[in-house]
Amino acid sequence: MEIYVNGEPRQVEDSLHISELVDMLDLGNRRIAIEVNLEIVPRSSYTIYKLQGGDKVEIVHAIGGGSVDGG
Amino acid sequence: MVATQTTLKTRSVSQEDNVLVIDGVTYHSRLLVGTGKYRDLDETRQATEASGAEIVTIAIRRSNIGQNPGEPNLLDAIPTDRYTLLPNTAGCYTVQDAVRTCRLARELLDGHQLVKLEVLGDEKTLYPDMVQTYQAAEILIKDGFKVMVYTNDDPIAAIHLEEMGCVAVMPLAAPIGSGLGIRNPYNIRTIVENASVPILVDAGVGTASDASIAMELGCDGVLMNTAIAGAKVPVLMASAMKKAVEAGREAYLAGRIPRKRYASASSPVDGTFF
């Protein structure tokens, strides 16, 4: 199936769990937060949350920023 | 002699005057700093340390996927056990983006509720869009967030934001990143006079004297990023800003002399022999 990760299309196995996606992307040891279709997915649900085709996944982390766009 | 000492003691800065209390939490530094625009994380760490700040703003952005797995992490330079992180909605132009950013930050930081809300109006001025700022503040406060809100220097807006339940109101001194200093000291003073939540100048400070002026006006603190990170020697500017905020606060508490148009001699005229 195809999902979108941070805006980029990506082919993954059907019914992939979020925890598997995180491992695949080598983000397992990073401090991140994840939202699927604009809804937060709590870290405690990564192992049970199954992704579906067309899901829009956003994976974010903290970076330097101040009163202006820190990016 | 005893009487003099007592007088001196009561006139010195009390503990209460020295601390900043935001939503019931006590901070000893009145300087809040951003972590953007530094050359690297080492400079971020050094400048943040030199500033003495306890509250440090961060931004929430997309993780790099598969590009740089070994990339250093901001939270290594700014450890959460040493600093109060203030996730910030910088770069958001809509209510939805600001609210999403805060919710992602709360998840990222394990339930952390203190956030800095800014909803911008346009790229040229980076002025706050006040209509959307009110809407986002309302949603966030209902959702349990403790909102420190970026606003224009309008005293009426500041009152509304306080009444809504924002835990601190942060008027701009001048446009973000402009370094133009305190452009409307009279409004800042009025905002301070009206407020019973902390008022912090956020944005527009260019150099140490600007930070002192903000504090002399009675502000409870100053938040800055570009003035430090964009200086030729950021770590030295961070140290200068720390002193400027402290000096401005002490001068405010000490009470400045009134301005007069003509001189008044500071040496006694009586007893002159010439």
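Predicted model: local features only at pLDDT ≥ 70, side-chain atom pairs only at ≥ 80, totals over all residues.
**Why those labels?**

Visitor: What makes Asp143(B) count as partly exposed?

Guide: Asp143(B) has 26% relative accessibility. Residues are numbered from 1 along each chain as its sequence is written, chains are lettered from A and ligands numbered from 1 in the order written, and side-chain values use heavy atoms, leaving out hydrogens and water.

Visitor: How do you know that Asp143(B) and Arg106(B) meet in a salt bridge?

Guide: The N to O distance is 3.1 Å. A salt bridge asks for a side-chain nitrogen of Lys or Arg within 4 Å of a carboxyl oxygen of Asp or Glu, so this pair passes.

Visitor: Why do you say that this pair ties parts together?

Guide: Asp143(B) sits in the loop between helix 6 (130-142) and strand 7 (146-151) of chain B, while Arg106(B) is in helix 5 of chain B, so the link joins parts 37 residues apart in sequence. Helices (H or I, at least four residues) and strands (E, at least two) are DSSP runs, numbered from the N terminus.

Visitor: Which chains does the pair of Arg100(B) and Glu35(A) bring in, and where do the two sit?

Guide: The closest N and O atoms of these two are 2.2 Å apart, in a salt bridge. This pair crosses between chains, from helix 5 (residues 95-108) of chain B to strand 3 of chain A.

Visitor: Is Glu35(A) called buried or exposed, and why?

Guide: Buried, because its relative accessibility is 2%. Arg100(B), at 23%, is partly exposed.

Visitor: How many salt bridges run between chain A and chain B?

Guide: Four. Among them, Asp110(B) meets Arg43(A) at 2.9 Å, N to O.

Visitor: How much area is buried between chain A and chain B?

Guide: About 3100 Å², with carbon and sulfur atoms giving 53%. Buried area is the accessible area (1.4 Å probe) that two parts lose on being put together, summed over both.

Visitor: What makes strand 5 of chain A and strand 4 of chain B a pair?

Guide: Two strands pair if DSSP finds at least two bridges between them. These two have five bridges, in the antiparallel sense, so they qualify. His61(A) stands opposite Arg61(B) there.

Key. Buried < 20%, exposed > 50% of the residue type's maximum accessible area, 1.4 Å probe, protein only.
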